[in-house]
Amino acid sequence: MKPLPNLKIENAIVIGYEGPHTITIQNQFITDVSPSIKTPAQTTAQTTAQTTAQTTINAGGKLVIPGLIDPHLHLDKAFLLEQYPAQKGTFQEALEETFRLKSGFTIEDIQTRAKRVLDNAIAFGVSAIRSHVEVDPVLQLTSIKALLPLKQAYAQRLTLQLAIFAQEGITNQPGTEAMLRETMSMGGDVIGSAPYTDPNPQQNIRIVFDIAQQFNCDIDFHLDFLDDDAPLLLPFVAQETIRRGWQHRVCLGHMTRLAGLLPAELQAMGTLLREAGISILALPASDLYMMARQDTHNVRRGVAPVDRLMAMGVNCAIATNNIQNLFTPFGDGDPLKICTLIAQALQLGTTAHHQQCLAMATTQAAQAIGIHQHSIAPGNIADLVILSAQSVSEAIGAAPIDRTTIKNGQIVAQTHLQRTLT
Ligand SMILES: [Zn+2]
């Protein structure tokens, strides 16, 4: 393969490094992170490196972060609000109308909506997305047929993981299990389901683990969603994870029920999660909107308490989930805005908290979906974003518009605000 042009980012603020630093990228890897102000002895080395670097960016004291990661997104259900605006705004309407809309999905329709999301994501600085791919008797293989070509088409600019997803249940939907296996054979990366939609959730979970073992892939469940008194499925998933040796390969989204646990109960779940090496994803844009609908006053938030779980040693992250559909009528797919939202929902106000929020949209999100060494350090792949902010708190305080996205050591997007005041 032809070597890629080299890149150097000078005067960058990098989390964990004191003062402005220069990030050197050769081929697609970070080869050096050094203070931008050099001693005379080091100047020679820097000059040599500069002669081979074809592009130099002066970050001018701006923050450079690892590429944003969106570990839980539904590309096939994005922007559905344009096809059906909410009439009631209820959970029941979202379920019924989304199911109805699915029968009208075509490959072209899914691709058109998904491309809007992916193009925006690249500009926001997203370097990887795990998208769920619905498989059920209505949609059958339409979604995977739409998204597989996009995975290839976008590969140089964004890593797209396809998580095959039985949204409507497995044991109650004849033929679904066979379709899940067929979809995995076509090129699915990850297997998952929503056990709460299945009359036999434990059997649903067992089938997903069986498929994961057959295809040697990671698992992603929508689990313990809603805020009723149904028993938690988490202990069963943790037990299966350990029994099958699937530690550090299971990721659970929503987990809204955890928000309602007493501290001692949450501590027990945290211990279980840590032992099983399971990652938890909070999806605040959806869950703040959908949870606690029966509350008449003092409405609960219903967001997984990822701050408390992290303190127990659990790997936690945040994600977009849906973009402008009946389950989440808001959002644009920018993980930085989800950082702001989780900080507001969980009341995380200190500098250290803000760094945790950003880690949940970068390094920890990468870990949750099996992407390793996703940080700014020599030897790692150069997936980076230059933000128009000087600190993490500033970036989370108001997500900056101006960004430069670097994927595999190459600039893949640059966004600049042009404003005219009269
Ligand atoms: Zn989801």
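Guide: Two strands count as paired if DSSP finds at least two bridges between them. Helices (H or I, at least four residues) and strands (E, at least two) are DSSP runs, numbered from the N terminus. This is a predicted model, where local features need pLDDT of at least 70, side-chain atom pairs count only at pLDDT 80 or more, and totals for chains, interfaces and linings use all residues. Residues are numbered from 1 along each chain as its sequence is written.

Visitor: What makes E1 and E5 a pair?

Guide: Two bridges join strand E1 to strand E5 (residues 63–66), and at least two are required, so they pair. The strands run parallel, and Ile13 has Leu63 in E5 as its bridge partner.

Visitor: How do you know that E1 pairs with E4 and with E2?

Guide: E1 and E4 (residues 55–58) run parallel and share four bridges; E1 and E2 (residues 21–26) are antiparallel, also with four bridges. Both meet the threshold of at least two. Leu7 faces Thr55 in E4 and Ile25 in E2.

Visitor: Which residues does Phe105 touch?

Guide: Contact means C-beta atoms, placed from the backbone, within 7 Å. Leaving out residues up to four places away in sequence, Phe105 touches Asp76, Ile110, Leu139 and Thr142. Phe105 itself sits in the loop between helix H2 (91–102) and helix H3 (107–124).

Conventions:
Contact = placed C-beta atoms within 7 Å.
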